[in-house]
Amino acid sequence: MKKIVKAVSVLAAVFMLAGCAKKAETAVSENKTHIVVDHKGNEVELPVNIERVVIISPMPLPSIYCLYMGGTDKLVGMHPTSMAAAENSYLKNVYPDVVNVPTGFVKNGAVNVEELLKLKPDVVFYLASDKALEESLQNAGIKGFAFSTSVADFNTIETYANWIGKFGEIFGDTGRADSIIKHGREVEKFISARLANLKDEEKPSVLMLYNYDTSGMKTSGVNFYGDYWINAGGGKNVACELKGSPAISMEQVYQWNPEYIFITNFSPYLPEDLYNNSIDGYDWSQIDAVKNKRVYKFPLGMYRWYPPSSDTPLALKWISKTLHPELFADMDMDKEVTEYFKEFYGANLTAEDLNAIFNPVREASGK
């Protein structure tokens, strides 16, 4: 009997030691960190097991995060402008919890660091060009990781691929995004080949209304996404002598007299506002694009289609077909969007869904 008791005691001790070792191993794993270089070249030490993420900017990043991670898991904060897109996009249909992510740490466009601290983030993603925010995060002892919007010369497909690559370094490969990235690059090659023989005079002049509201108009010059879309889609950017997103006047638009106008989802105005000439202080009636009913609002799928997003391949097809309907007569955009959403998101779109994607509401601008 004494031998049996002794044996049981030894086994119990062995199991206890094994349990302690397991707990110690788990603790080490949970506290383990690694270095990831952000888009500013900063070596950022991050936990291997990140549990709490806040995304301040770039604005499309929350939607791409959801797609990469397969949901809102660990996302504890996002910018209200990103939320405005989420609430009016198809993203909430696939990941309904996204509308419950807190946004209260941003008031009137400014980040309240005290409120941000209450979210206890392991990492905060922010725009690389926002130096003031970077300093605020550093002063508050908040771990920040910078994402740039210009890592691929504003090529939206490659920018998205680069952002996904950074997510892979930060969180580990989820295996969800590779096929989307590959598809995007294939679409870009297809569109480029189809437009390769276009003569310069066959490329229509295009005005991109990047941000247009009661405060004024901003367009896209070179070194911004609009210039990529126009050129990749077979058009000529009327603002090609400007840089970034400069403010423009109606007098400048009269001089350009664009054949096509595209309005992004960062603007509350819709094509009918220009057609009906209902915007105070602006007379659009003599512009060719308006007279010929060639004003278009960028669609809104999983996110706004103007900046990089997981829908970027669709956006490239859409703008190319819009500018050159004859060259892409074989491309049915309803079918393209339906098949894409089914393949990459597992979503079965209805006719109502398609109508909402191609005709986004004013509220999606967040203004």
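## Exercises on a predicted model

Let's start with Tyr340: at 4% relative accessibility, it counts as buried, where buried means under 20% relative accessible area, exposed over 50%, and partly exposed in between (1.4 Å probe, protein chains only). The model is predicted, so to speak of local features needs pLDDT of at least 70, side-chain atom pairs count only at pLDDT 80 or more, and totals for chains, interfaces and linings use all residues. Residues are numbered from 1 along each chain as its sequence is written, and side-chain values use heavy atoms, with hydrogens and water left out.

### Exercise 1: a ring pair

Work out how the rings of Tyr340 and Phe344 are arranged.

**Solution.** 
- Step 1: A pair of aromatic rings is described by the distance of the centres and the angle of the planes.
- Step 2: Rings of Phe, Tyr and Trp (its six-membered ring) pair if their centres lie within 6.5 Å; planes under 30 degrees apart count as stacked, over 60 as edge-to-face and the rest as tilted.
- Step 3: For Tyr340 and Phe344 the centres are 4.6 Å apart and the planes stand at 50°, so this pair is tilted.
- Step 4: Helices (H or I, at least four residues) and strands (E, at least two) are DSSP runs, numbered from the N terminus.
- Step 5: Phe344, at 14% relative accessibility, is buried. Across the whole structure, a search turns up 35 aromatic pairs.

### Exercise 2: the surroundings of Leu91

Find where Leu91 sits and what it touches.

**Solution.** 
- Step 1: Leu91 belongs to helix α4 (residues 91-94).
- Step 2: Its relative accessibility is 2%, so Leu91 is buried.
- Step 3: Contact means heavy atoms within 4.5 Å. Leaving out residues up to four places away in sequence, Leu91 touches Ser63, Cys66, Ala86, Val98, Gly301 and Met302.
- Step 4: Pick Cys66 from that list: with a relative accessible area of 0%, Cys66 is buried. Cys240, at 44%, is partly exposed.
- Step 5: How many disulfides does the whole structure have? A disulfide is a pair of cysteine sulfur atoms within 2.5 Å, and the search finds zero.

### Exercise 3: the nonpolar cores

Describe the largest nonpolar core and name a neighbour.

**Solution.** 
- Step 1: A nonpolar core is a set of buried Ala, Val, Leu, Ile, Met, Phe, Trp, Tyr and Cys residues joined through side-chain atoms within 4.5 Å.
- Step 2: The largest one has 78 residues, and Phe125, Phe167, Trp229, Val337 and Phe341 have the most contacts inside it.
- Step 3: Helix α7 (residues 156-171) gives the most to this core, with eight residues.
- Step 4: Apart from it lies another core of 21 residues, including Leu274 and Trp284.
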